[in-house]
Amino acid sequence: MWIVNNRKIFYTFSGIMVLISILAMLVYGFNLGIDFKGGSLLEINYIQEKPELMAINSVLAPLKVDASARATGEKGYIIRMKSLIESERVGVIKALSLNNTFKFEEKRFDSIGALLGSEAAKKSVTSVVFVIIAIVFFIAFAFRHVSKPVSSWKYGVVAVIALIHDVIVPTGIFIVLGHFKGFEIDTLFVTALLVILGFSVHDTIVVFDRVRENLKVQKNKKFAEIVGESISQTFTRSINTSLTVVLSLLVLYFFGGEITHNFTLTLLIGIIAGTYSSIFIGSPLLVTLEKWQNK
């Protein structure tokens, strides 16, 4: 019951996190990767030692390719640039050797046009919106026999509020990381958001389902008490389930490849936020709706 009784504290904390995330979006904007804005990506690995990042930036600056270099691994760099024609690409490759002082191997080179990037961005937004709408209908259908004291469609509304929280918070954190650390929002980030939505709604439905079962057998209790008991009954399960996933993601983050780091970090942030919202936001909101309804 302590979660339900102190729900305003959790609402306030989540409200602050969402507000900070929205302010970050407005102030810093989205640091989009080449998947969305188009451009070229070059990954290289130096054979012996690698030059300093400052040296890389200084030799690329005169080429006017809007290069942004980031170290990867012990001897590598990932360089993001505008879309290059072949002559520009050759110039970049030549410059990165610093007058043949440093030998390197080209691991990959990707180039995406602005039109394809714009199309990918639209499809990504559509995917997230479609998933949220589908979840609303699913929850409304699954809880169609629950009509008192809170209607079935309100379960869906509450789930969506929790899901919006789970999308905005990781996005806000990544925008801040993008501004200060150069992290980019790409299609892997959107994929991670979709995974987070699925995980979060699963956690939310577990609690809602327990509320539904308790409503059948505890008809004389107040709705707030039933919700409080339902949270208590599923609390350990939710935490343990999330903890096993978080531990797996931590191993993947520290021992996995460089290319999956941002994807793994997004999942870590989102699953923690999703677990929090399912327990401390979603179910208590049912009690708040019921009290507003009674007034």
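A residue is called partly exposed when its relative accessible area lies between the buried class, under 20%, and the exposed class, over 50%; Asp209, with a relative accessible area of 28%, is therefore partly exposed. The model described here is a predicted one. The protein has ten helices and four strands, and in sequence order these elements follow the pattern α-α-α-β-α-β-β-α-β-α-α-α-α-α.

**Overall form and surface**

- The C-alpha trace of the protein spans about 80 × 35 × 30 Å along its principal axes, and 44% of the 295 residues in the protein are buried.
- Of the contacts in the protein with a separation of 6 or more, 78% are between residues 24 or more positions apart.
- The protein exposes about 15700 Å², and carbon and sulfur atoms supply 64% of that area.

- Ser283 is placed in helix 10, which covers residues 261–294, and it counts as buried because its relative accessibility is 0%.
- Apart from neighbours within four places in sequence, Ser283 is in contact with Val207, Phe208, Val227, Ile231 and Ser278.

- Val27, which is placed in helix 2, counts as exposed because its relative accessibility is 62%.

**Positive phi values in a loop**

- Asn99 lies in the loop between helix 5 (86–96) and strand 4 (104–112), and it has a positive phi of about 60° although it is not a glycine.
- Asn100 is also found in the loop between helix 5 and strand 4, and its phi, near 65°, is again a positive value in a residue other than glycine.
- Asn99 is exposed, since its relative accessible area is 76%, and Asn100 likewise counts as exposed, at 68% relative accessibility.

**Salt bridges**

- The structure holds eight salt bridges, and the following points describe some of them.
- Arg89 forms a salt bridge with Glu106, with the closest N and O atoms 2.7 Å apart; this pair links distant parts of the chain, as Arg89 is in helix 5 and Glu106 is in strand 4, 17 residues apart.
- Both partners of that pair are partly exposed, Arg89 with a relative accessible area of 21% and Glu106 at 35% relative accessibility.
- Lys82 and Glu88 meet through their side chains in a salt bridge with an N to O distance of 3.7 Å; Lys82 counts as partly exposed at 31% relative accessibility, and Glu88 is partly exposed with a relative accessible area of 25%.
- Arg212 and Asp209 both lie in helix 8 (residues 187–217), where they are three residues apart, about one turn of the helix.
- A network of salt bridges links Glu43, Lys107, Arg108 and Asp110.

Notes. Residues are numbered from 1 along each chain as its sequence is written. This is a predicted model: local features need pLDDT of at least 70, side-chain atom pairs count only at pLDDT 80 or more; totals for chains, interfaces and linings use all residues. Side-chain values use heavy atoms; hydrogens and water are left out. Helices (H or I, at least four residues) and strands (E, at least two) are DSSP runs, numbered from the N terminus. Buried means under 20% relative accessible area, exposed over 50%, partly exposed in between (1.4 Å probe, protein chains only). Contact means heavy atoms within 4.5 Å. Accessible areas come from the Shrake-Rupley method with a 1.4 Å probe; for residues, only the protein chains shown count as cover. A salt bridge is a side-chain nitrogen of Lys or Arg within 4 Å of a carboxyl oxygen of Asp or Glu.
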